[in-house]
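Please keep the model in view while reading the numbered points.

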Amino acid sequence: MSKDYFGTDGVRGTVGNDPMTADFAMRLASAAAQVAGLLNVDPRTLVWTSGATESDNLAIAGGARYRAHRGKHIVSMRTEHKAVTDMFDALAKEGFQVTWVDPGANGLLDPTAFEAALRDDTQFVSIMFVNNETGVIQDIEALGNICRQRDILFHVDAAQAVGKVRIDLGKLPVDLLSLTGHKFYGEMDYFLNMPAHTGQRGLVDVGGAAGLSPLKKVKLTATYHHFRAAAD
C-alpha cells in the first residue's frame, strides 16, 4: 500500500499504458471495499482525491453550489478545521451568506441553538464530528436529524472520528462525510464521494493547500464523502 502511482486519471485507476494499471486498480478496489465496509456504504460511492483539504473543498463547494438556486445561506462553526472555514469564507465572496454558530462552554453545539440559526433559505451545513484540537465529539445524529427534517444538505468532517467513533452511514443522517486514511493507520492517501450530477472537479485552493488537482499522483488509502441523493 506504500507504492506511488502517477497518471492523469487516478480516480478511475487509469494511468495510460503504464503496466502498473492492473495492480493499481486491484489495490484501489481492495482499499475501497475495506473503507466501505467500515462505514456501511456502497464502495461505488467512493471517489479518490489528492487530500483531505480537497475532499472538504469538494463537499462544501459542490453541495452549496448545487443547492444555490434554492438558497445561499450556509452554516458552520469557527471551531472547524481551516479547510472548512476557509472554504466557507471563499463562498461568502461568491455571494453566499454564512452564519457561524458558537459552541457552548463545553465545546458542544446545542441542537436547539443550532436549529435557531437555520433559515428558510439554509441549504448547506458543515459540522466536524470530532474536533482535532479539543477532542469534543458533536452529536452528529441530532444535528443531522434537524437537517433532514428541513431538507438541508449536511456535511461532516470526520477525519478525527473514523476508527475511533462508530460511523454507520446506513443509519447516520449525513449526506457528505470526509475522512483521511492516515488518521486510522492508512497511508497518506485520500478519497471522496461526489455524485456526477454535481459537475464538480478537483480543487485545492483553500485550507492550507494550493492549486488545481486532477490527481496527478495517487497513493492508496483515504478521504471519503458519502452523498445522499437529494431533491433539487
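1. Val-125 has Phe-154 of strand E6 as its bridge partner. Strands (E, at least two residues) and helices (H or I, at least four residues) are DSSP runs, numbered from the N terminus. E5 and E6 are joined by five bridges and pair in the parallel sense. Two strands are said to pair if DSSP finds at least two bridges between them.

2. Some remarks on the source are needed. The model is predicted, so local features need pLDDT of at least 70 and side-chain atom pairs count only at pLDDT 80 or more, while totals for chains, interfaces and linings use all residues. Residues are numbered from 1 along each chain as its sequence is written, and side-chain values use heavy atoms, with hydrogens and water left out.

3. The protein contains five helices and nine strands. Along the sequence they follow the pattern β-α-β-α-β-α-β-α-β-α-β-β-β-β. Of the 232 residues in the protein, 50% are buried, where buried means under 20% relative accessible area, exposed over 50% and partly exposed in between (1.4 Å probe, protein chains only).

4. Which strands form the open sheet, and in what order? Five strands with parallel pairing stand in the order E4-E3-E5-E6-E7. Strand E4 (97-100) and strand E7 (176-178) are the edges, each pairing on one side only. On average, neighbouring strands of this sheet are turned by 15° against each other, direction ignored. As a general principle, strands of a sheet pair through backbone hydrogen bonds, either parallel or antiparallel.

5. Strand E5 (residues 122-128) also runs parallel to strand E3 (residues 73-76), and three bridges join them. The bridge partner of His-73 in E5 is Thr-122, and Ile-74 stands opposite Phe-124 in E5. Is E5 mostly covered or uncovered? E5 is mostly covered, since seven of its seven residues are buried.

6. Helix H2 lies across E3, E5, strand E6 (153-157) and E7, and runs at about 170° to E6. Such angles run from 0 to 180 degrees between N-to-C directions, and axes are lines fitted to C-alpha atoms, for helices over the stretch in contact.

7. H2 (residues 52-66) also packs with helix H3 (residues 82-93) at an angle of about 35°, the axes being 9 Å apart. Contact means heavy atoms within 4.5 Å. H2 contributes Thr-53, Asp-56, Asn-57, Ile-60, Ala-61, Ala-64 and Arg-65 to this contact, and H3 contributes Ala-83, Val-84, Met-87, Phe-88 and Leu-91.

8. Leu-172 is placed in the loop between E6 and E7. Leaving aside residues up to four places away in sequence, Leu-172 touches Phe-129, Ile-140, Glu-141 and Ile-167. Leu-172 and Ala-142 are 30 residues apart in sequence, and their C-alpha atoms are 9.5 Å apart in space.

9. A final point concerns contacts across the sequence. Among the contacts in the protein with a separation of 6 or more, 74% are between residues 24 or more positions apart.
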